[in-house]
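Welcome, and thanks for taking a look at this one with us. Please have the sequence and the 3D view open side by side as you read.

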Amino acid sequence: MEKIGLALGGGAVLGAAHIGVIRALEEIDVEISFVTGTSIGAFVGALYAFGNTSKNIEEIALELSWTDISGIAIFESGLLSNAKLGKLLEKSLGEKKIEDADIPLAVIATDIVNGDKVVLDKGRVAQAVMASTCIPGVFSPVELDDKLLVDGGIVENIPIDTAKNMGADYVIGVDLNANKTYHKPDSILDVIINSFHFTLKAASRFQTKDANLLITPDLSKFNMVSTDQIKDLIEQGYKEGKEQLKKADLHIR
């Protein structure tokens, strides 16, 4: 039996589409053996890896607002702190460690000192997800194991290779940025996030070539920061995930 890995990419609030893809996978009874996630993909992936269904994750996501995700904290290295995101995860999961996940889990972060990829597969889940979601210049870096960590999208936005290295025979990647178009920024936050994701979009073309199945929902009508879109993003991820899974004729169990 093939072991399937699910690699969830970054994309700020667009990550709600991951929940819809998970619902589509549940409907055809696909058994996931490994979960990897970067940035918002790490947040959704962690909830899924600890036994939450798409419905459970949707309920958590629909309660989110930008102030739940971040808090003002003036640091030299970042404007905001994403400590609230870590607290939200601990509220949902408890103070869990990655190695206790129901499905083996790995979260990607970047060492901002040397640019190395850091695969977090042990330690506190909340701290790992905070590191992986730490957009440089927006959030202050997370210090962990003598490393200063920021968003994993810099080094591996869709962690397909990491899933293969964990032992996956077949990897389903979800790229939130493949079909994304960008609109005129409304705020400095939009400017920073758009600029960051332009870089990720270019790098992702090379990172996704080894995926057995790459799901690329068209999220062009959505922006990357408004949490008012979460319900619609979930539905878009579900609709397109279902269509792309059907085309792939994926019925592995």
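What follows is a short tour of helix packing and side-chain contacts in this predicted model.

**Helices α1 and α2**

- Helix α1 covers residues 16-27, and its partner α2 covers residues 40-49.
- The two pack at an angle of about 35 degrees, and their axes are 10 Å apart.
- Their crossing is right-handed.
- On the α1 side, the contact is made by H18, I19, I22 and E26, and these meet G41, V44 and Y48 of α2.
- Sorted by class, this contact of α1 with α2 holds 4 nonpolar, 2 polar and 1 charged residues.

**Helices α5 and α6**

- The crossing of α5 and α6 is right-handed.
- From α5, the residues in contact are A83, L85, G86, L89, E90 and L93, while α6 brings V125, A126, V129 and M130.
- The class count for α5 with α6 is 8 nonpolar, 1 polar and 1 charged residues.

**Salt bridges**

- The model has 8 salt bridges by the rule used here.
- One of them joins E27 and K242, whose closest N and O atoms are 3.9 Å apart.

**Aromatic rings**

- How many aromatic pairs does the structure hold? The count is 0.

Methods
Residues numbered from 1 in each chain as written. Predicted model: local features only at pLDDT ≥ 70, side-chain atom pairs only at ≥ 80, totals over all residues. Heavy atoms only, no water. Left-handed = near helix turned anticlockwise from the far one by under 90°. Helix = DSSP H or I, 4+ residues; strand = E, 2+ residues; numbered from the N terminus. Contact = heavy atoms within 4.5 Å. Nonpolar A, V, L, I, M, F, W, Y, C, P; charged D, E, K, R; others polar. Phe/Tyr/Trp six-rings, centres within 6.5 Å; stacked < 30°, edge-to-face > 60°. Salt bridge = Lys/Arg side-chain N within 4 Å of Asp/Glu carboxyl O. Axes fitted to C-alpha atoms, helices over the stretch in contact; angles between N-to-C directions.
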